[in-house]
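Good morning, and thank you for making time for this presentation. Please look at the structure on the screen before we discuss its pockets and its helix packing.

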Amino acid sequence: MENYSTSSYKLDVDLSFTPFPVEDLDVYVKSETLELMKNPSKWIKEIGSWIRFIQVDKSLKCPEIVRNASQISLGLELTNDKKILDLNNSWLGKSKSTDVLSFPIIDETFLGVSNEFLELGDIVISVPTAIRQAKDNNVDLFRELRWLATHGFLHLLGWDHSDEESLNKMLLIQEQLLDIGVIL
């Protein structure tokens, strides 16, 4: 477990991380992106900065139990299209692949037993889909993976994009999270 601290506030982020088997890549990937795909400490620092940003900005949607937590646990899996298709079909009844899935544990009715430690849920990202989207959007894979992670993270906090207004708000917050992220 790595610690993320800002001034006198301490936040512990426990990440269950499943790296992508980089030997399965059939495209050139920059070293910083390879490191992101296999090193959980990079994600721990990044996600810690996102959590802290959301916790302190009272105008942003965030369950109160998350705002008060000093220890947060979540899972992040970088996988392939087949696995994410299987998950999407099994859990959401959708027989198609996707870029990112979130499996939140908390919702607006959640009554946690502790303000100290909190499990948020899991984020699963398809790396092959991220590679295609990065190319289509003319962005670096490094950015695309982080973009998808911010999207999944916001879903873990209860964000949704059922209409254009909520989607635009979510996309704006994703940009802000990428801007404050600590991965350089």
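I begin with helix H6, which contributes 5 residues to the lining of the largest pocket, the largest share of that lining. Please bear in mind throughout that this is a predicted model. H6 covers residues 141–156.

How much space lies in the largest pocket? The computed volume is about 480 Å³. Its lining consists of 22 residues, and those nearest the centre are Thr98, Val100, His151, His155 and His161. Besides H6, the elements that give two or more residues to this lining are helix H4 at 81–92, strand S4 at 100–104 and helix H7 at 164–180. Sorted by class, the lining comprises 8 nonpolar, 9 polar and 5 charged residues.

Let us turn to the partners of H6, starting with H7. The axes of H6 and H7 come within 9 Å of each other and cross at roughly 125 degrees. Because of that angle, H6 counts as oblique to H7. The crossing of H6 past H7 is right-handed. Which residues meet here? From H6 they are Arg143, Arg146, Trp147, Thr150, His151, Phe153, Leu154 and His155. From H7 they are Met170, Leu171, Ile173, Gln174, Glu175, Leu177 and Leu178. This contact divides into 8 nonpolar, 4 polar and 3 charged residues. I would draw your attention to His151 and His155, which take part in this contact and also figure among the residues nearest the centre of the largest pocket.

The next partner is helix H5, residues 127–136. H5 and H6 pack with their axes 9 Å apart, at an angle of about 120 degrees. The angle therefore makes H5 oblique to H6. Here, too, the crossing is right-handed as H5 passes H6. On the H5 side, the contact involves Val127, Ala130, Ile131, Gln133 and Ala134, while H6 supplies Leu141, Glu144, Leu145 and Leu148. By class, 7 of the residues in this contact are nonpolar, 1 is polar and 1 is charged.

A further partner is helix H1, residues 31–38. The axes of H1 and H6 come within 9 Å and cross at roughly 30 degrees. H1 is therefore roughly parallel to H6. In this contact, Glu32, Thr33, Leu36 and Met37 of H1 meet Leu141, Phe142, Leu145 and Arg146 of H6. The contact has 5 nonpolar, 1 polar and 2 charged residues.

Finally, I come to the second largest pocket, which holds about 220 Å³ of space. Which element gives the largest share of its lining? That element is H5, with 4 residues. The lining is made up of Val27, Tyr28, Val29, Lys30, Thr33, Ile131, Arg132, Ala134, Lys135, Val139, Asp140 and Leu141. In terms of class, 7 of these residues are nonpolar, 1 is polar and 4 are charged.

Thr33 belongs to the contact of H1 with H6, and Ile131 and Ala134 belong to that of H5 with H6. Leu141 of H6 meets H1, takes part in the contact with H5 and also lines the second largest pocket.

Methods. Residues numbered from 1 in each chain as written. Predicted model: local features only at pLDDT ≥ 70, side-chain atom pairs only at ≥ 80, totals over all residues. Heavy atoms only, no water. 1 Å grid on protein atoms, 1.4 Å probe; cavity = no way out; pocket = protein on both sides within 12 Å on 5 of 7 lines; lining within 4 Å. Points joined across faces, edges and corners; volume = space filled by probe spheres on them. Nonpolar A, V, L, I, M, F, W, Y, C, P; charged D, E, K, R; others polar. Axes fitted to C-alpha atoms, helices over the stretch in contact; angles between N-to-C directions. Parallel < 35°, antiparallel > 145°, perpendicular 65-115°, else oblique. Left-handed = near helix turned anticlockwise from the far one by under 90°. Contact = heavy atoms within 4.5 Å.
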